[in-house]
Amino acid sequence: MSSQAEEFTIGVEEEYQIINPTTRELSSRVEHVLPKAQKALGLEVQPEAQRSQIEIGTPICRTLADVRSELVRLRREVIAAAAKDGNQIAAAGTHPFSHWEQQQLTPKERYQTLMEDYQQLTRELVIFGCHVHVGISDRSTAINVMNRSRVWLSPLLALAASSPFWLGKDTGYASYRTEIWGRWPLSGVPLIFESLADYEALVQVLVDTKSLAEATKIYWDVRLSERFPTIEFRVTDVCQTVDEAVMVAGLVRALARTCYQQAMSDKPFPAARHELVRVAHWRAARYGLDEDLIDFTTMRAVPARELVENFLTFVRPSLEEYGEWDEVSSLVQQTMQFGNGATRQRDVYKRTGSLENVVDLIVQDTAKGVASV
């Protein structure tokens with residue numbers, strides 16, 4: 001089987017915050033914003049767990065140029081719909097100071113079931129992520145891609161981290177969203193599976209033991225999609241800018257494609273222990289790009305920026321084959337130079353002492369590169 005047997009299409013989902021422009025707090029207005037957005041976007045825009053959230057999903061994209069144009073279009077229309085209701089849109093992994101106690105759960109059966117099952121975890125689920133789907137129709141091969149990609153999730157998380165604040169405090173984390181989400185029992189980095197049958201057997205046991213209603217409620221950082229012929233990467237915070245989202249989408253597809261090709265050649269890969277992968281994941285959430293992370297190719301701690309460079313080297317052949325190396329590598333270098341979303345938020349807070357100003361930055365970043373409305 002050659003790599004041409006798979007299309008490696010891309011689909012991106014982003015979860016946004018609805019913001020009151022006066023108080024800069026989260027605004028539970030999705031029932032008012034959503035109909036306006038759906039007039040322009042149809043089912044490409046949807047509600048999420050909290051009424052202060054709104055989610056978009058791109059159509060199937062085949063190039064990064066497609067991804068960029070679709071994200072610009074979707075952000076533009078959601079921002080316009082929110083503006084008509086007197087609100088703004090912000091893309092960051094957490095809101096800097098709004099409290100979960102003030103949020104209202106979306107009255108939809110799926111979310112009501114989450115509340116029944118998970119209780120306080122659902123109440124505090126005021127977080128915003130980015131999910132990237134990559135087209136791999138053969139599920140057995142997708143399992144191999146999952147196995148091989150898990151050791152490269154931490155640099156992705158570090159590059160896209162955008163949630164340093166929670167309930168008005170600096171958490172000390174670059175991605176505190178990761179820590180909130182990590183409390184859920186079927187979140188985080190998956191184990192290695194011997195085969196698709198091994199994966200399906202685990203899902204069946206989870207269902208049989210009433211630990212899981214069905215497979216769509218598996219929330220690992222990389223998983224097989226049950227709705228689409230894709231592998232879904234769910235590891236990152238939502239990206240503040242379109243540029244960062246394009247960077248993540250490009251890196252994710254290149255990672256999936258590289259792991260696919262290596263699986264077809266049966267090349268060895270680091271089958272790292274789950275405990276080490278969890279620690280690597282935690283370090284990326286804690287430090288972002290500012291401290292050492294774990295390089296599984298050498299089994300040592302290296303500066304985050306060195307690990308990112310190693311990651312780029314790993315996926316470079318795929319990026320070059322797609323003609324995307326120049327764009328993606330320059331976006332990575334831009335992030336390394338100016339900081340991820342968490343760094344930029346902290347810089348504003350350090351300079352102004354105002355979390356309201358941090359929200360203003362996020363709103364501005366969300367609309368950056370999007371035509372004015």
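Ser163 sits in the loop that runs between helix H6 (153-160) and strand S6 (165-166), where helices (H or I, at least four residues) and strands (E, at least two) are DSSP runs numbered from the N terminus. The model is predicted, so local features need pLDDT of at least 70 and side-chain atom pairs count only at pLDDT 80 or more, while totals for chains, interfaces and linings use all residues. Residues are numbered from 1 along each chain as its sequence is written, and side-chain values use heavy atoms, with hydrogens and water left out.

With a relative accessibility of 0%, Ser163 counts as buried, a class that means under 20% relative accessible area, against over 50% for exposed and in between for partly exposed (1.4 Å probe, protein chains only). Its side chain makes a polar contact with the side chain of Asp237 at 2.8 Å; such a contact is a pair of N or O atoms within 3.5 Å, of which, within protein, one must be able to donate a hydrogen and the other to accept it, and residues adjacent in sequence count only if both atoms are side-chain atoms. Leaving aside residues up to four places away in sequence, Ser163 touches several others, including Gly93, Tyr173, Tyr176, Asp237 and Ala342, contact being heavy atoms within 4.5 Å.

A search of the whole structure finds 15 aromatic pairs, in which rings of Phe, Tyr and Trp (its six-membered ring) have centres within 6.5 Å, with planes under 30 degrees apart counted as stacked, over 60 as edge-to-face and the rest as tilted. Two of these pairs are set out below.

| Pair | Centre to centre | Angle of planes | Class |
|---|---|---|---|
| Tyr173 and Trp282 | 6.2 Å | 85° | edge-to-face |
| Trp184 and Tyr219 | 6.3 Å | 85° | edge-to-face |

Tyr173 lies in the loop between strand S7 (169-170) and H7, and Trp282 in helix H10, so this pair ties together parts that are 109 residues apart in sequence. Tyr173 is buried, with a relative accessible area of 17%, whereas Trp282 is partly exposed at 33%. The pair of Trp184, in the loop between H7 and S8, and Tyr219, in strand S9 (residues 219-220), also links distant parts of the chain, 35 residues apart; Trp184 and Tyr219 are both buried.
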